[in-house]
Amino acid sequence: MSAVALRAEGLSKRFGATVALDGASLVLRAGEIHALMGQNGAGKSTLIRLLTGAQSPDSGTIQLDGQLIAPTTPLEAQRAGISTVYQEVNLCPNLSVAENLYAGRFPRHWTGLIDHAQVREGARRLLAELQLYIDVDRPLGSYPVAVQQMVAIARALGVSARVLILDEPTSSLDQHEVRELFTVMRRLRERGMAILFVTHFLDQVYAISDRITVLRNGALVGEFATAGLTQSALVAAMVGREVVAAARDSRNAGTAGAPLLVEVQGLGRRNALEAVDLHIHAGEVLGLGGLLGSGRTQLARLLFGLDRADCGQVRVAGEPVALRQPSDAVAQGFALCPEERKTEGIVAGLSVRENIVLSLQARGGWWRAMTLDRQQSLARELVQRLGIKVADVETPVGALSGGNQQKVVLARWLATTPRLLILDEPTRGIDVAARQEIMGEILRLAQQGMGVLFISAELEELTRLCDRIAVLRDRRKAGELLAGCDGQQVLDLIAGES
Amino acid sequence: MRRLFVHPTFWPLAALALLLMANGLFNPGFLALQWRGGHLYGNLIDIANRAAPLALVSMGMTLVIAVRGLDISVGAVLAIAATIAAATITHLQAGSAQGSLLPLFAAIGAALVAAALCGLWNGLLVVKAGMQPIVATLILMVAGRGLAQLISDGQILTIYYAPYAFLGNGFLLGLPFALYLVVAVFIALKLLLTRTALGLFIRAIGDNPLAAHVAGVRAHTITPALYVFCACCAGMAGLLVSSNVASADANNAGQLLELDAILAVSLGGSALTGGRFNLFGSLVGALIIQTLTTTIYSIGVPPQVNLVVKAVLVMLVLLLQSPQFRQQLRMLAPAARSSA
C-alpha cells in the first residue's frame, strides 16, 4: 500500500444549530483516485471546504505527508499542496487561458513587469502535460466548459499539488469529454498524486476510482475498496436503507384518453429552434430527449415565455395563449425548474420561506400579500413533503446544499399547484436519494392530473419515467416514441441513425 | 445586547447620536429646543427640516438601488420640477384672483407629473433598452439641467406667491411642514412594502433578477415603477427647495444631490449591490449628512477646509458601520489590553 498523502481525522463543523460534519475522517494515499460519496447534505462540500481552507474546522486535524496543517485560506492550502477544481469553474472567463493559469503568481522581468513570453510558454507546457493543445492567448470564456475545466486542473498542477480535489468535475461534460478527463486523471495518478473525486455518477465512480469513502449525515460511514463494493451496497451505504427505485408503474398506456392539456403548433425561434409540434395530456409525463444543444432547453424557454417565439402557437386546454414573459406562463399554471439552479432558480439571499412563496405570490399579484402565518405553514408543509433538510424555514436558501436548493425551487412551483411542470435536467448534480424523492413526488402529482415535460440527458431516466418521449436533434423534432420503448431506440433517434 | 448590535439600523443611529452628542458637548445649547410664537425652534428641528429634501430623495434612491439600479439624475429632476413649479405659478398667477390656491395645486401637479415622466424615461432606458443604470440616468443628469434652463430661459425664476411658501417654510402644529411630508411618505412606503408583497418582490429582484423573472415576478413593470417613484421623490424635494428659497435655479438647485442620496443610502446600511435595503436607515443617513453640514458651520470651520472635514467625518461614520473594520478593532483591543 502506498504512502498516505493526506489524513484528516475527527473533523467537525457546525453552522448554527446544524451539524454539517460530525467527526469525519478521510485518508488519501499517494497515487490513488479516491471517490467521496454521499447524499446532498451528507457533508461532502463541508469536508472539502475544510480541506481547502475555505473554512476552519471546529475540531479535528489535517495532516499532509505526516505534517499537521491548518489552512485558513484556499491560498494557504494551495501552497501546502492541496489544490481544488470546483464544479463551477471559478476562473476569469474574460482573461486569456495563459493569464488564468498564472493569475496571482505571474513571473516577472527584472523590471518588475509581467513576463508575458514566459507566461505563454509556461501555459503551453502545463497544458501539454494534459495533452491539451489550444491557443493560450484566447479568452478562457471562448472555450467549452470541458476545456475550461482542464485549464482549471492545469492551474492546480501548476502550483505543484500533492493532493488534487475534483468537486463534481463531470456534471457538465459529455461522454467523450468525461473520457478525456479520466485519461488525465489516470496520468496524474501514475505521477503519484492523490486525487479526491467527488461525483454523483455511480458508473463514473466504478470506472475510475480505487477506493471510496462514504459520508452520511456528516459522519463517516466507511472506506471501501471499489472492487469489493457492489453498486447497490454503495447506494445503501449512502442512503442508509435500500432504495426503492421510483419507476413509472406500468399502470397506464391510457393517458391518450386524458384531456389534452397543452398543444404546441409550429413553435419556433430563429437561430434557436425550428418549428416544433408537441402535445401534452393531463397526467402525462412527456420526456424530451436529445443531445446538449439539440434545442431541448430552447423549447422549454419558449414554452415558458423566457424567450419570445417568432412563429407558432400554444394552446392551453384548447384556448390559444400569448406567452410573452414568464409571468404569463405562470398565470396559465405553467412552472419551470430551470437547468441553471444558481442563476435562474434560487434567490440565494432570501429565506426558504420567501423562495417558496415567491411564485404563488407573484401570480396572486403584489397587492394581495399572503399573511406570514400562511407563508410559514405553506413553506413548512412543502419542506416536509419534499424532505428538504433545513432546521428553520427562515434560513437563507444560499446556505443549503445543492440538492436541497433544487428541492426549494421545486417546492416554489408545487406551491402554485401547476397544471404543467417543465423540468429541465432536474436531477443534474443531485444524489441518488434526492433524485428518487424528487421524481417520486413528480410522478405522484402526474397521477393526480398534472402534465409534466421532463427534459433529461439520461436515457435510462427518460425510458423509466416517461409515458412518451419526444426527441430533438439539431434544433428540430426528430420523432416521438411511446412508453415501453427501449433505450436503444431513443439513442438511435437522438443520434439520427433510425 | 448582541441582538441590538446586529440590528441593521443600530450603527447608523449610533453614529447620529454620537454626532449630536459631540455637538452638545462642544456647543452647549445645541440640543436645546424652544417654543416661540407657536413654533418649535432649535438646531434639531433645523437639521431635520433642512434634511427633508435629501431624506425624500434617499428613500426613492433606496428602492432603486435595492433592485440593482442607480439614479444619478435626481439632482437634475429636482431642478426640472422646481423650474416647472415656478414657471406654472408665474404663468397662472396673472390670471387668477389674489389668494387663489389654484396656482399652488397646478404647480404641485405639473412638477410631479414632469418628475414622473423623467422617472419613466429612466426606467424604460434601463429595462427596455437594457442600459446600465448609471449610464441611463447619466443622460438625464446632463440633459435635465439643459431642459430646466430651456423652461426658465436661463434665468433664476423668482416666486412671488405666498401660498407656495408654505411648503418649504410653513409650520403645522408647531413643526415644519416638510417633516410631515417626509414622515407621510415614509409611513406610506413602509405600509406598501410590508403589507403588500412589493417588499418581497423588490428583494427578490435585487438579489437575483433572473431567478425572480423566471419565478414570474414582473420585474419589467416593478423596476420602472421604482424609477418613477424615485423621480417623484426628487420632484417633491424640488417643490420644498424652491418654496424654501422662493426661487428656482435651473443650474444649481439640487447640485450633487445624487451623491448625497447615494451616501445616505449607504450610511443607512443598504447594500449598494441590491437586495438588502433599509428604508429607515436611509432616513437616518440623510439626517447624519445634514448634521455633519450643520456641525461644520456651527463650530466655525473655515470655509476652505469645510469639505475636507466633511470627508473625514463621513469616512469615520462609514468605518464605524463596516462590520469588517469593527472586527479588526475587536481583534486589536484584546492585544492592546494584554500588552498594557
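Mentor: The radius of gyration is taken over C-alpha atoms, and the globule rule is 2.2 Å times the number of residues to the power 0.38. The model under discussion is a predicted one.

Trainee: What radius of gyration does chain A have, beside that of a compact globule with 498 residues?

Mentor: The C-alpha atoms of chain A occupy a box of roughly 70 × 50 × 50 Å along the principal axes. For 498 residues, a compact globule would have a radius of gyration near 23 Å. The value for chain A agrees with this, because it is 24 Å.

Trainee: How many helices and strands does chain A have, and what percentage of its contacts with a separation of 6 or more joins residues 24 or more positions apart?

Mentor: Chain A holds 17 helices and 20 strands. Of its 498 residues, 47% are buried. Among contacts with a separation of 6 or more in chain A, the share from residues 24 or more positions apart is 69%.

Trainee: What radius of gyration does chain B have, given its 340 residues?

Mentor: Chain B is built with 15 helices and six strands. The globule rule gives 20 Å for 340 residues, and the value of chain B is close to that, so chain B is as compact as a globular protein of that length. Its C-alpha trace spans about 80 × 60 × 40 Å along the principal axes. The radius of gyration of chain B is 21 Å.

Trainee: What percentage of the residues of chain B counts as buried?

Mentor: A residue is buried if 20 or more other C-beta atoms lie within 10 Å of its own. In chain B, residues 24 or more positions apart supply 77% of the contacts with a separation of 6 or more. Of the 340 residues of chain B, the buried share is 46%.

Trainee: Which helix gives the most residues to the side of chain B that touches chain A?

Mentor: The contact draws 25 residues from chain A and 22 residues from chain B. On the side of chain B, the elements giving two or more residues are helix H9 (198-207) and helix H10 (209-214). By class, this side of chain B has 11 nonpolar, six polar and five charged residues. The most, six residues, comes from H9(B).

Trainee: Are helices H4(B) and H6(B) roughly parallel or roughly antiparallel to each other?

Mentor: Helix H4 (residues 74-93) and helix H6 (residues 133-152) of chain B pack with their axes 8 Å apart, at an angle of about 15 degrees. Angles under 35 degrees count as roughly parallel and those over 145 as roughly antiparallel. The arrangement of H4(B) and H6(B) is therefore roughly parallel.

Trainee: Is the crossing of H4(B) and H6(B) left-handed or right-handed?

Mentor: Residues of H4(B) in this contact include Ala76(B), Ile80(B) and Ala87(B), and those of H6(B) include Leu140(B), Gly144(B) and Ile151(B). By class, the contact of H4(B) with H6(B) comprises 11 nonpolar, four polar and one charged residues. The crossing of H4(B) and H6(B) is left-handed.

Trainee: Are helices H7(B) and H11(B) roughly parallel or roughly perpendicular to each other?

Mentor: Helix H7 (residues 162-169) and helix H11 (residues 219-245) of chain B have axes 7 Å apart and an angle of about 115 degrees. Among the residues in contact are Tyr164(B) and Leu167(B) of H7(B), with Leu239(B) and Val241(B) of H11(B). This contact divides into six nonpolar, four polar and no charged residues. Since angles of 65 to 115 degrees count as roughly perpendicular, H7(B) and H11(B) are roughly perpendicular.

Trainee: What value does phi take near Asp153(B), and is this residue buried or exposed?

Mentor: Most residues other than glycine have a negative phi. Asp153(B) has a positive phi, near 60 degrees. Asp153(B) lies in the loop between H6 and strand S3 (157-158) of chain B. Because 12 or fewer C-beta neighbours within 10 Å make a residue exposed, Asp153(B), with 10, counts as exposed.

Trainee: In which loop is the place of Asp65(A)?

Mentor: Asp65(A) is a residue other than glycine with a positive phi, near 50 degrees. Asp65(A) has 15 other C-beta atoms within 10 Å and is therefore partly exposed. Its place is in the loop between strand S4 (59-64) and strand S5 (67-69) of chain A.

Trainee: What distance separates the C-alpha atoms of Arg187(A) and Arg444(A)?

Mentor: Arg187(A) belongs to helix H6 (residues 175-190) of chain A. Arg187(A) is partly exposed because it has 13 C-beta neighbours inside 10 Å. Arg187(A) and Arg444(A) are 257 residues apart along the chain, and their C-alpha atoms are separated by 46 Å.

Key: Residues are numbered from 1 along each chain as its sequence is written. Chains are lettered from A and ligands numbered from 1 in the order in which they are written. This is a predicted model: local features need pLDDT of at least 70, side-chain atom pairs count only at pLDDT 80 or more; totals for chains, interfaces and linings use all residues. Axes are lines fitted to C-alpha atoms, for helices over the stretch in contact, and angles run from 0 to 180 degrees between N-to-C directions. Helices (H or I, at least four residues) and strands (E, at least two) are DSSP runs, numbered from the N terminus. A crossing is left-handed if the near helix is turned anticlockwise from the far one by less than a right angle, and right-handed if clockwise. Two residues are in contact if their C-beta atoms, placed from the backbone, lie within 7 Å. Ala, Val, Leu, Ile, Met, Phe, Trp, Tyr, Cys and Pro count as nonpolar, Asp, Glu, Lys and Arg as charged, and the others, Gly among them, as polar.
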